[in-house]
Amino acid sequence: MSEAAETRPVNVGIDVEGHFSGLSKQSMDFHDAIAELIDNGISANIKSNEYFAQDGPDEYFRIQITIERYENEVSVIVADSGEGMAPVVLQEKIWESGNTDEADGVLNEHGFGLKNALSVLTKNEGNPPFVILSRNEDDYGSGQFGRIEGPISDEMELEIGDFRDEWNEGAGTLESPESGTRIQLSTSNDILQSAYRRASNLSTLSQALREHFGVMYRHFLQHTDRNHISINWTDHVTDDAGELSVEPIYPEFRTGEDEDGNSWYRTDEIVVEDDAGEQYAVKYKRGIVNWEETRNKYEKDTYEGISTGNGESPFRLYYKRNQTTQGIDIIYNGRTLKTGLIEKIWDRATHNDFNDFVGELIISDDAFETVNNKVDINDSSALWLDLKQKLNDNDEFAPIKFGKQEKEDSIKKRLKRKLEAQMATDAVRAEKGFDGVDIDLLQRFEEGFEYIYEVKRSKAKPIHVYQCVMYWDAYTRTQDSDLSKVVLVARDIGDNARAMLDRWNNREDEHGNEYKLTFQPLSEYDLD
């Protein structure tokens, strides 16, 4: 019998500077790194995992982001009025990568957030690269604050003293000045520019940041108006400055039903299982965007800085009615992790038919996993793989096709159902071959009179009015019926078409009867 093998302990030592240098090489844009600090600020105020189930919750947050741009560097402050950190947390806990002992907030999951942000944004360079200030009323004396100055190393020290002047910087919009945390850091113009590469000045970059954070934190900002994120910016290069309030961003959706009677906006609950058989529910909401209502909601006059060059979507970065931004957003514990997903979820490529399709997978259970920098879900986890399988197996969960504009045949079918549901309607049908003219829809009422409908998906033009005249003449010439009206249904009507409609209504047909032609917008029938 051989002798027992010798065992020796293994020491896992970490080179502190090398470790954080490695973290700095992650692929994170400026807004994603700042979001790590916002997450910490939210978690310092909101602890309950049942937060979104509460109506009028007591917990809320206020966060102020201050950005100052210089020729060769950018200064950033992220300030919150949360519970603050005790000295022992500042000294030890927050520097332990993966430590979740202190991570009891709704968005604290991995224990990497602060380290990720400081490493990516500062590269551990600067003089100093960062300063952390924090206090709460239980662990600090009157007028005292905890202060740590970078760079990250074994030689960092916690100072406790009166740092009121630094504390007040970048915190003018906060309600509770005696508790919370301030993260002050230096970064480069190139890293700042990653928030929106096309921006030529800090004003545009700040507007892009507001759009990023309005999408990321919309569920929190919608839940109560007491939640607040503001962006204060000063551009010392262009001598410009401003302040923006982050508002929740999400498109408005079409109401009503498609040609098959399915709702344009749909909600389902999908139950998935892990390897141990534990079940978890995911909400799946999706629909077709109503771009006109979305533009009206986010028009530039009421939502400063939102603009677009294509006249369809009002946004710069998200929900742009194209293949890049179509698809599903992943929401994890109220935070938007990823947007515009088609290929990641379904076994199909993006297509222009899905440009109007937007939705959410709302995950509210920690059993699902995110990657350490919280820019995506862990797509190798058992729960995600089961969810993806269910989304692919059920045709009702597939992306909804729509394209640039709904086909007129589809609009006619939906209008036909609307008309059939009206009281006193005897029948609605398409009519063909009246003196060589095909009629879109003929509605017959129980009293015997009839309406003809001409349907257009775009703006009504004079030629469309003339089609209505042809319908009137052809139908009254060949049918022994009581035609009371011809209705032109379109998205809108131009001035020339409106004038032509009025002129024909002042004339008589070959039988001596007045023409009765009217216009109705698609919205009147909930078809827009």
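I took buried to mean under 20% relative accessible area. With that cut-off in hand, I opened this predicted model and went through it piece by piece.

**Entry 1: strand β7**

I began with β7, residues 228–235, and counted its buried residues: seven of the eight fall under that cut-off, so the strand is largely enclosed by the rest of the structure. Next I looked up its partners. On β1, residues 62–69, I found eight bridges to β7, and the two strands run parallel.

I followed the chain from β7 into β8 and found a hairpin with four residues between the strands. In that turn, D239 has a positive phi of about 55 degrees.

**Entry 2: the five-stranded sheet**

Which order do the strands take in the open sheet of five? I read it as β9-β10-β13-β11-β12, with mixed pairing. At the edges I have β9 (266–273) and β12 (335–341), each pairing on one side only. From one strand to the next, the twist averages 20 degrees.

Inside the sheet I checked β10 (residues 279–288) against β13 (residues 357–363): they are antiparallel and share six bridges. K285 stands opposite E360 in β13. I then asked what packs on this sheet, and found helix α10, residues 382–393. It touches β9, β10, β11 (327–332) and β13, and its direction makes about 135 degrees with that of β9.

**Entry 3: two helices**

I turned to α2 (residues 30–43) and α4 (residues 113–122). Their axes come within 9 Å and cross at roughly 145 degrees, and I logged the crossing as left-handed. From α2, I listed F30, A33, I34, E36, L37 and N40 in the contact; from α4, G113, L114, N116, A117, V120 and L121. Sorted by class, that contact holds eight nonpolar, three polar and one charged residues.

**Entry 4: the whole chain**

Last, I stepped back to the totals. I have 13 helices and 20 strands in the protein chain. Of its 528 residues, 52% are buried. For contacts with a separation of 6 or more, I noted that 66% come from residues 24 or more positions apart. The chain exposes about 25,000 Å², and carbon and sulfur atoms supply 40% of that.

Definitions and conventions: Residues are numbered from 1 along each chain as its sequence is written. This is a predicted model: local features need pLDDT of at least 70, side-chain atom pairs count only at pLDDT 80 or more; totals for chains, interfaces and linings use all residues. Side-chain values use heavy atoms; hydrogens and water are left out. Two strands pair if DSSP finds at least two bridges between them. Axes are lines fitted to C-alpha atoms, for helices over the stretch in contact, and angles run from 0 to 180 degrees between N-to-C directions. Contact means heavy atoms within 4.5 Å. A crossing is left-handed if the near helix is turned anticlockwise from the far one by less than a right angle, and right-handed if clockwise. Ala, Val, Leu, Ile, Met, Phe, Trp, Tyr, Cys and Pro count as nonpolar, Asp, Glu, Lys and Arg as charged, and the others, Gly among them, as polar. Buried means under 20% relative accessible area, exposed over 50%, partly exposed in between (1.4 Å probe, protein chains only). Accessible areas come from the Shrake-Rupley method with a 1.4 Å probe; for residues, only the protein chains shown count as cover.
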